Amino acid sequence: MRRAIPGLKVYIFAGIILMGLSGLLFKLWYVQIAHGSDYIVKSNGKSQVTVRLPAVRGEILDKNGISLVQNRSSFEVDFYLPAMVQAYRALHKGVVPVVKYRQNVHDMPKEHGEADVQKIVNEAIMPRLEELGIAHDYNSHKLQMHYRNNTLVPYSYIQDLDFETMAKFSENNIGLPGVDVTVKPVRNYVYGAFAAHLLGYVGPEKRTDIEESKKYNFYQPDLQGQVNLELTLDDELKGTPGVKILQRNAKGVIEGEVGMVEPKQGSNVYLTIDARIQFIVEQALRSVGRGAAVVVDPNNGNILAMASVPSYDPNTFIPSISTQDWVDINKDETNPMLNRAISAYAPGSTYKLMVALAGLRKGVGSRSFNCGGGVTYGNTFMKCWIAAKGGNHGVLNLPTAIKLSCNGFFYQYGNAAGIDIIDSTGALLGLGSKTGIPLSGEAPGVLPGPEWLTENKPNERWSAGLTANTSIGQGDVLASPLQMAMIGATLANGGICYEPRLVDKVVAQDGTLVSETPIKIRSDMIKDGGLTAEQIEIVRKGMFRVVNEEGGTAGKGRVKGIQVAGKTGTAQFWRGKVKDNHTWFLSFAPYDKPRYVICLLVQGANSGGGVCAPLAAKIYTDIFAMDEGKIPELVALEPAKGNFKFVESIDFGRGVPAATTAADDETAPVDSDARAQESKPDAAPNIRDEADEGGRVKNKKPDKKGLEGFFKNLFGGKKKDNNSNNQQRKPSAR
């Protein structure tokens, strides 16, 4: 009989042990590493509180990697109201004060009762805070409403304290249930009002994810884009939330943090904007009270700068805006939140460039027309601007008519081309529709014609007079500076109409390319429009003569050493009984190898040649100076203030040669129906609530000012504040 091998049992037993250990290790890995965050959230027991931490947003940078929007830490004091109620109930043997309110249930009013958190806070929380000298006024009504509707979300009692003050606050054993100090990521718009109309601002998310919120005791919402790039790129910028575990003792007092899963930052967004050019444009544009400027690369459609004045500082909205600041912004009649670069106005004579292309497509570009000071249509004699000076332009060809901005010529030229070809050319170039740029409130403009008139003014019929008025960019025509800039880019590059491009790429925090915005062509005026390069050059030559020849309307747009080509425009506009012309200058440079297109709009100015042209020249001068190493130093900008002063002219002390100065008043004295498509961004910000009587601190001492006075007296030193904004803004309750 064969005996069993003694070692076999040992091997089998050892194998079983190894398998068991492997299974245990796998389970530990699965629980602690693979699904660690899930089990942290689920580990909420009676002694612990789980708090969802808001995700950290990615940065917004310019084309060269200059950071325009970052994040900073906001130190805040939060009230966990259910914890306060629970602790009060435990201390008072199950009794809590109750407040009654009425609310409709199935369309029938019904009386309800809930814990009176105002009374609980004032009785159980405020005395201790007053004792420490750190009590702060709050809005008791909003506090109660917050408890009624948002028990999941902590109530932010004090916002945006500097680090030193918050650290000292944390060092004190306050011993209050439901009171916690926390650090939250908030937006920092690095250069103040710089590019505000592009960047936008953020606020708390509008809707809470119900399913996600069930994982936590308390839910701190993410920041969410409210307008402009912060809104349209919200999915790319937002990160992944984290979770914080707080230790709570038997009395309901939060004693500290025992666990943390850090939030992850969202992707970074790189724009096509060149911050240096943006800065140059914004500085120059502040010489007027209301206006806009767009700078485009004509070789790809990239937007290098876009500015609008007046402006605002998006940091005012972070972490919330005061009621008074919000009232002041909305009362400002100059409309500082309006982005005039994507609003639509009567383009005046800059529109003649599109009409010139339409006539060339129709085959009338080689014809000459006589300007006798005006043209009669029906019973109306429509004057050319030169008639007001007692003269006429005589017989002109197309390039000369562009140079002199002759209305009499374009009345006839437009009718010879016909409104149908004018409208189809405008559509090819993007007029009458939104460009699709990722900004809030873009206006489509108006490309008027018989069909448009039937839909919008059914009692009127299209006429030759309307075609004439349309041909000089007045009447019902509306276009935005961005739309006109893309027309300028099309002429500059010889016929390619690009779609404007503002976002270059999105990059993850590890450097991985998430997405890239492709360069898109809207139309090719040679392939799609039937034009030749020689025909487009006729219009370009006319623009060259506008700036560089005697008698041209934009002599003040000349730049030493750089050949600029352009077209001025002045559309009659009245604000009530006050003259408020919309003036334009559309240009590109250098002429032979264009690198930049600039479109300028100024409201309330005398003429495009006298105001917008020298503005463009100043911008060109500073941009080309960068090639010689004269790089502007970027600094934070205060909001540009708006006004309704009428601007007669701008010079910048450039000393334009006398040979190029010309009559720059090209406004046709006609009855203009010029309007505008303007709208503020449609987003209500996070507004801080003003304190009410029920939330007033009762025992304030006159020689102390909240936290400042308390810490100065307690620690005998001056508080250092590295945040200039905090030096002028007292912490305030929401």
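A: At 15% relative accessibility, K184 counts as buried, a word used for anything under 20% relative accessible area, with exposed meaning over 50% and partly exposed in between (1.4 Å probe, protein chains only). Before going further, please note that this is a predicted model, in which local features need pLDDT of at least 70 and side-chain atom pairs count only at pLDDT 80 or more, while totals for chains, interfaces and linings use all residues. Residues are numbered from 1 along each chain as its sequence is written, and side-chain values use heavy atoms, leaving out hydrogens and water.

You will find K184 in strand 7, residues 179-189. Helices (H or I, at least four residues) and strands (E, at least two) are DSSP runs numbered from the N terminus. Leaving aside residues up to four places away in sequence, K184 touches R72, S73, S74, E76, D78 and Q220; touching, or contact, means heavy atoms within 4.5 Å.

The side chains of K184 and E76 make a polar contact of 3.1 Å, and another, of 3.4 Å, links the side chain of K184 to that of D78. A polar contact is a pair of N or O atoms within 3.5 Å; within protein, one must be able to donate a hydrogen and the other to accept it, and residues adjacent in sequence count only if both atoms are side-chain atoms.

Now for the wider setting. The protein has 23 helices and 32 strands, and of its 734 residues, 55% count as buried. Among contacts between residues at least 6 apart in sequence, 76% join residues at least 24 apart.

For another covered part, look at helix 18, residues 464-471, where six of the eight residues are buried. They are G465, T467, A468, N469, T470 and S471. These residues pack against several elements, including helix 13 (352-362), strand 19 (374-377) and helix 16 (419-428). Just after helix 18, G473 takes a positive phi of about 75°.

As a last stop, visit helix 1, residues 6-34, where L24 lies. L24 is partly exposed, with a relative accessible area of 48%, whereas K184 is buried at 15%.
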